[in-house]
Amino acid sequence: MMRTSDLVASAGRALRANPMRSALTALGVIIGVASVVAMVALGSGAQAQVERSIASLGSNLLIVVPGAMRGGGGVRGQAGAGGGWDSLTMDDAEAITQLENVAVVAPSQRARAQVIANGLNWNPEVNGVTPDFLIARDWEVARGRMFDETEERQARRIVVLGRTVADNLFPNMDPVGQSVRMNGGTYEVIGVLESKGQSGFQDQDDIVLAPLTTVKRRIAGRRGRGDTVSQISVKAESEQVLNRLQEDVENLLRQRHRTREGEDDFTVQNLSSISETMAQTTGVFTALLGGISAVSLLVGGIGIMNIMLVSVTERTREIGLRKALGARQSDILHQFGLEAVTLSVAGGIIGLVIGVAGAWGMTTLFNLPLVVSPLNAGLAIAFSGLVGVVFGAYPAWRAAKLDPIEALRRE
Amino acid sequence: MALIEADNLTKLYRMGDETVHALAGVSFSIPQRDYCAIVGPSGSGKSTLMNILGGLDTPSDGRITIAGNDIGAMSDDDLAIFRNQTIGFVFQSFNLLPRLTALENVELPMIYGGVLPKERHERAAGLLQRVGLGERMAHRPTQLSGGQQQRVAIARALAGQPALILADEPTGALDTNTGVEILGLFDQLNHEGATIVVVTHDHDVARATKRTIEMRDGRIVSDHLNDRSARHDAHV
């Protein structure tokens, strides 16, 4: 019986004898593994990006907006988009506060306004909010402070700037303590928010927060003046109660608005379930990419089988001699099998390195997080080894079964 | 008991509808330390007999034991071990692996015998010394002459300390002088105690041995001792 170290040495020697052929054979597996690794990493990166951007909106969060969602389509008529869609009111927000499992309720009113400071101007979203808005959205103030409830009620002329607004209006200075002009009025900057980054195509930092009362009285158009709000953010006490709270909110608002299910004039968006759906979608996308790449790995495996069959034919005489000198069938089987597995595993390792490098390049290009799990890397190597075993088995078996008399006679 | 005992060996090959008797009842015995030639034209059955003697093939009928092994009753793996431990093959075309050095070629049977690398090395080096190639151990077959390659092959045949050396036309690919040298080496090995069977169609080669078994049409037609006194004087 051949010793394992001799087996390994023998396989290595055989592969080194034809370096070009070995390299080209391994190339099939290299390309297969590299593309699987790169595609799965890219898909996982996209998935992580989606989850991260949805999580950045706030955890355990329900967002109530006016207008009905139809069959998975977009929300029809956002606040202010047309008559009849100003269905949410401050009283609705107040009523939701009374529900069980509610941590925070934050009504808000959106508006657009030209913001001027330092001779620079910017056109961000202006959001009239209560102090609880930051709690609902898991948002922190980076510099300065948020306004408090008293200041909100008093409709003070103060604002907290998003990072993008701050950077554009006050490029080289601390905005806190400076003033900006909106709709002809002057507002003091009391804080700057920490950066939240992109969510989808929207820059979450392109925002100015002002007291809700202030926005209603001084900035929002005619429709924003009344008791209505454009959005209510509802934060649940925990993830477990989120779905139940969603139902409670829907039932409460149906009661208050005297609508029936299916005729709602509002929509409650559950960010966890949106996140789940998106993650599932990108997961399918990832599996699809990985599956297509796996086909190329299969082609690489067929390349190995092809070359091993050629090798067995070329080395028929050598196999005959080895048998005459005392090699058993299992020795020959192991020798040729090991050559195939060495080719494919070496290809797998090189492919993994190239795949990770490629994934790094692509994720950098598309500004996605790079996700390479050790499990996936290990799976890639193990799978390439399996390819070697599966596609090396038949040629090795052919070699092992050769009749030594016939084999020695072959030229 | 003799080293080889063959009793009424038959070997049938089916070629289409026809049945060919490669061996049609062959009986002989070869004692230890014998140096014997099996001669005959092609188709006489000598190659078939050699394959059976080497454990590469099994008889259809009859019985043959070599160093106590009943060849007809052994499994494939047992035959592989038998070839490794009991037989040393020498081929007409040397059959050295071109990528291995002389030393590594001699080590090859010991790899399959599970001999440890250090011992393998020492034994192979000793054997190359013994066949007169102590200076060329690191050479590859292409860097050696035909006679030198056959010496490496003989060293390889000796590596497993076999009970029987089986040579198939060992001088067939060599010029006359080199052939005589190789036969001289066999003579020397036989003198030192090795049992050698040479299969050949060349009667000059047969005359260099102690005994000639002549075959024709699958049967032994003569079995006689050679008069070696003249040759002995010339070469030793």
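Trainee: Which hand does the crossing of α3(A) and α8(A) have?

Mentor: A crossing is left-handed if the near helix is turned anticlockwise from the far one by less than a right angle, and right-handed if clockwise. The crossing of α3(A) and α8(A) is right-handed. Contact means C-beta atoms, placed from the backbone, within 7 Å. Here A:Asp92, A:Ala95 and A:Ile96 of α3(A) meet A:Val249, A:Leu252, A:Leu253 and A:Arg256 of α8(A). This is a predicted model: local features need pLDDT of at least 70, side-chain atom pairs count only at pLDDT 80 or more, and totals for chains, interfaces and linings use all residues. Residues are numbered from 1 along each chain as its sequence is written, with chains lettered from A and ligands numbered from 1 in the order in which they are written.

Trainee: How many residues of chain A are in contact with chain B?

Mentor: 18 residues of chain A touch 19 of chain B. On the chain A side, α10(A) gives the largest share, 4 residues.

Trainee: How compact is chain B?

Mentor: Compare the radius of gyration, taken over C-alpha atoms, with the globule rule: 2.2 Å times the number of residues to the power 0.38. Chain B has a radius of 18 Å, close to the 18 Å the rule gives for 236 residues, so it is as compact as a globular protein of that length. Its C-alpha trace spans about 50 × 45 × 35 Å along the principal axes.

Trainee: What share of chain B is buried?

Mentor: Buried means 20 or more other C-beta atoms within 10 Å of a residue's own, with C-beta atoms placed from the backbone. In chain B, 45% of the 236 residues qualify.

Technical notes. Helix = DSSP H or I, 4+ residues; strand = E, 2+ residues; numbered from the N terminus. Contact = placed C-beta atoms within 7 Å. Buried ≥ 20, exposed ≤ 12 C-beta atoms within 10 Å, placed from the backbone.
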